[in-house]
Amino acid sequence: MSAAARTAAARGTAETTSDEVDPTPWPVALLLAALGGVCALLAFPPYDLWMLLPVALALFSAALLVRTVRLAMLVSLVWGLAFFVPLTQWASTYAGWMPWIALGVFEALYMVVYGLAARTVMVRRGLSLSSAIVVAALWTAVELLRGTVPWGGLTWGSAAFALGDSPLLNLGPWVGMSGLAFVTALLGQLLVHGALSLLGRRHRGLVGFSGVWPLAIAVAAVLATVLTPYPANRAPEGRPTMRIAGVQGSMERIAPATMAMPEGVFDNHLETTHQVIADAEADGTELGLIVWPEDSTGYDPRQDPRLAQQLAAASAEAGAPILIGTQSAVGETQRLNESVLITPEGDMPYSYAKRHPVPFGEYVPFRDFFRTLTDKVDLIGRDMIPGEEVGVLDLAAVGQGEGSVGVLICFEIAYQDLVGDVVEDGAEVIVVQSNNALFGDSHEAIQQLAEAKVMAVVSGRSVVHVSTVGQSAIFTPEGRQLDFVDHWDQGAVVADVPLRTGTTLAVAAGPWIGVGISAVAVLGLLGALSTSRRALARPRPRRSTRT
């Protein structure tokens, strides 16, 4: 029997898919993985090339079509490292290079989980529409897992946060963070399906010039989102806006060795507040609320009568309450990160404690163990403990006008469940108090501001994002920027901020959009595992030189 005949017989004994794809050579696969990770990085701020994110996922998929599982693991790790290590460079500002690299590697391991699952589906099901849907669902499921486990997860680098300037964000109020991740990943699958066909890598199914169709569908789908309407979202009766000022007092740079807040941070914010009040008087406008950032007082005004008196005097001068950010000690080893309201009468009738402290940034899990790896853990002298109540400030209930203000602190804006909580508890607008001074000149501040914009659209609420050193901005529920103060500038964001009472489908659905997509991922993966079919083309037999 000839070699060709033996090969044909062998193929006949194994079940094949209706698709057949040439495997990616390992040097090309590693190159595609590295390039894909870089493209993913460039999709996020400050580069904002959002259209590169589907391309990055397409390159990832093409790189996964290798012969062996071990090589697929390596390819996935390369993609993850090329993306997450530079994306989280801000962590090195206060933690040093070792914790930063450890964070990047840890996040990259999630990409290994995704890569192995996605390769299984593509190899066993082929590059069909159903496999594209399952692979996109797998991306969403792993992103959801990464943003949940462990210690509450880390949502940094979630696909939706690259879409601040994309028409795809119009889908946000309808499908939420998980839905945006799914759509982005599905676009990536369409791109790789079409590209492999046009390159002649597919031998059955969608082959040759017919690969134009997936590419055309991807482009048409993006263009169609431009016409996506926003859901009905009414303003409160007789109260369409609230005049809110967010004060960015700025400060001297924090020394990474001590992480101590510099002296003068309170004075800077008080000085800027007086300027805001003077500008309001000159314009003949009335302020409804003044917001200071996280850690903006230096000391807890509830324990310092001098600070409390100055804040009350400023509040009385403005005729509006001031929401400040401070911290309070709990026992000998713990602390709370809090927002506290000061009224013109000098009362402090409301406080909110941050519900989602950042592991290794605000508290150290398994401190004794991690101390054996690095002494950086001792820079966090007191572990921050989570608050228990959702942050919604009812101004009428505390005798300070009208309106319900959702309160989040720093990284909490990156979690849709926390944003959804304040909306469901009646918030008509959301304020975010942050202290980005810890991250120096890194890209952390602008990345977090992009998260605030995306969450404004997803939640259907205006977001007033205020930082000690920037960047600070106000976004409408449609993502339109009303005011902005740049990094390290001293100033304030001030606007008549739109109030809203409607609930977007994304918020109403809560976690169920992500859960539903994840269920599709699990079922699709189990279906792929249950079959012995293979879509990778077998090695072609070498021609015999015998005559």
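Two strands pair if DSSP finds at least two bridges between them. Helices (H or I, at least four residues) and strands (E, at least two) are themselves DSSP runs, numbered from the N terminus. Everything below comes from a predicted model, where local features need pLDDT of at least 70, side-chain atom pairs count only at pLDDT 80 or more, and totals for chains, interfaces and linings use all residues. Residues are numbered from 1 along each chain as its sequence is written, and side-chain values use heavy atoms, with hydrogens and water left out.

**View A. Strand 10 runs parallel to strand 11.** Five bridges join strand 10 (residues 404–409) to strand 11, with valine 405 standing opposite valine 429 of strand 11. To get from strand 10 to strand 11, the chain goes through helix 13 (residues 416–424), and this β-α-β crossover is right-handed. Right-handed here means that, with the strands pointing away from the viewer, the path from the first strand over the helix to the second runs clockwise.

**View B. Strand 12 pairs with strand 11.** Strand 12 (residues 463–467) also pairs with strand 11 in the parallel sense, over five bridges. Look for valine 432, which stands opposite histidine 465 in strand 12. Helix 14 (residues 444–459) carries the chain across from strand 11 to strand 12 in a right-handed β-α-β crossover.

**View C. Strand 11 is covered on both faces.**

**View D. Trp79 meets Trp139 edge-to-face.** Rings of Phe, Tyr and Trp (its six-membered ring) pair if their centres lie within 6.5 Å; planes under 30 degrees apart count as stacked, over 60 as edge-to-face and the rest as tilted. The structure holds 15 such aromatic pairs. In this one, the ring centres are 5.9 Å apart and the planes are at 85 degrees, so the pair is edge-to-face. Tryptophan 79 belongs to helix 4 (residues 69–87) and tryptophan 139 to helix 7 (residues 129–146), so the contact ties together parts 60 residues apart in sequence. Both tryptophans are buried.

**View E. Phe83 and Phe84 form a tilted pair.** Their rings are 4.6 Å centre to centre, with 50 degrees between the planes, and both residues are buried. Ring pairs link Phe44, Phe60, Trp79, Phe83, Phe84, Tyr114 and Trp139 into a cluster.

Note on methods
Buried means under 20% relative accessible area, exposed over 50%, partly exposed in between (1.4 Å probe, protein chains only).
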